[in-house]
Amino acid sequence: MGQELQRRTPGTVTRADPSWPTVASTTVRLWFDRHYGRRAGHRSLVLVLSALVAMALGAGVTLAFTQREAASTHVGTHAPNAIQVAQADRQKAAVWIAREVASNIVVGCDLQMCNQLQKSGFPGARLMQLQPTSPDPLGSQLVVATPVIRNQFGTRLGSVYAPLVVASFGSGAERVDVRFVAPDGTKAFEAELATDRKARIAAGEQLIANNHVQASADARNALLAGRVDPRLLVTLGTLAGLMPIQLVAFDDPSPGASPDVPLRGAEIGAATAAGLPAMVKFLKAQQDQYAPAVASITQIANGQHVVTVRYDAPGPMGLGGS
């Protein structure tokens, strides 16, 4: 008999732990049973409360997991890390240099930035890779100041070798600056810059005094402040000797540029519709440094058709390219 009972005894069964809602509802039911017994009315109340607790806890757990998942997704999607930020800034700088910088300019860069520039279409033969042992960026006309280059040269980069920022991308420690290299040092460069600004102001005043030139208030202010690229000043002075022109605006597609960087773009109107094609023909006939990178007829926001002209970066600091 004992052996028969022993044979009929079931083996050990592993049971899954009850869920949190089940535990909570059971706890409430037992508490009410202990305090109020198993009367029918109280029994119904217990069941109802148990169900409510289970639903509340289930909703709370679901909400907690949903919020955690949403927070995780948000962080992964909208909070790029420093490496991603630095890569995006380098990419923007490379695209800008390939589009805006003259192809005969020598650009100094670290290995990673040089590779990015070449991929973006800038001539590899005009890239000067700055080795970690390079004592300075001299020999290049522009230097791309990535975090690597700033760490390599420290404060000397801006105070001694490359004082002028012609474009900047990003912010903080990961930003990328495109700097103009002063071959004779910062002090000599600043003295030259002051002299050149006076020359640009004088040329701007002559242009405003020309009877064939009409200038908007913004264009006039830029001319009188010496903020217009000398290539534009020379070309516009010659053009005004051939036909009446309207100086609508001066601009420069160089984000983050120093105020000392002359504006190398302009929007120019003509007295007649026939004047615009003639103006484009004249601009495209220019040679060497006075040949613009862009010269085309466009329509601006107020509906007016103008000639958009833009020169490559960086512009000469002196009038006539001196």
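1. The axes of H8 and H9 approach within 7 Å and cross at roughly 140° (axes are lines fitted to C-alpha atoms, for helices over the stretch in contact, with angles from 0 to 180 degrees between N-to-C directions). The model is predicted: local features need pLDDT of at least 70 and side-chain atom pairs pLDDT 80 or more, while totals for chains, interfaces and linings use all residues. Residues are numbered from 1 along each chain as its sequence is written, and side-chain values use heavy atoms, without hydrogens and water.

2. On the H8 side, Arg200, Ile201, Gly204, Glu205, Leu207 and Ile208 meet Arg220, Leu223 and Leu224 of H9 (contact: heavy atoms within 4.5 Å). Five of the residues in this contact are nonpolar, one is polar and three are charged.

3. The largest nonpolar core has 30 residues, and Ile245, Leu247, Phe250 and Met279 have the most contacts inside it. Such a core joins buried Ala, Val, Leu, Ile, Met, Phe, Trp, Tyr and Cys residues through side-chain atoms within 4.5 Å; buried means under 20% relative accessible area (1.4 Å probe, protein chains only). Elements supplying at least two residues each include H8 (186–209), H9 (217–224) and strand S7 (245–251).

4. Beyond four places in sequence, Leu247 touches residues including Leu207, Leu223 and Ile268.

5. Serine 140, in the loop between S2 (127–129) and S3 (142–145), counts as buried because its relative accessibility is 5%. Its side chain reaches the backbone oxygen of proline 137 at 2.6 Å and that of leucine 142 at 3.5 Å.

Notes
Buried means under 20% relative accessible area, exposed over 50%, partly exposed in between (1.4 Å probe, protein chains only). Helices (H or I, at least four residues) and strands (E, at least two) are DSSP runs, numbered from the N terminus. Ala, Val, Leu, Ile, Met, Phe, Trp, Tyr, Cys and Pro count as nonpolar, Asp, Glu, Lys and Arg as charged, and the others, Gly among them, as polar. A polar contact is a pair of N or O atoms within 3.5 Å; within protein, one must be able to donate a hydrogen and the other to accept it, and residues adjacent in sequence count only if both atoms are side-chain atoms.
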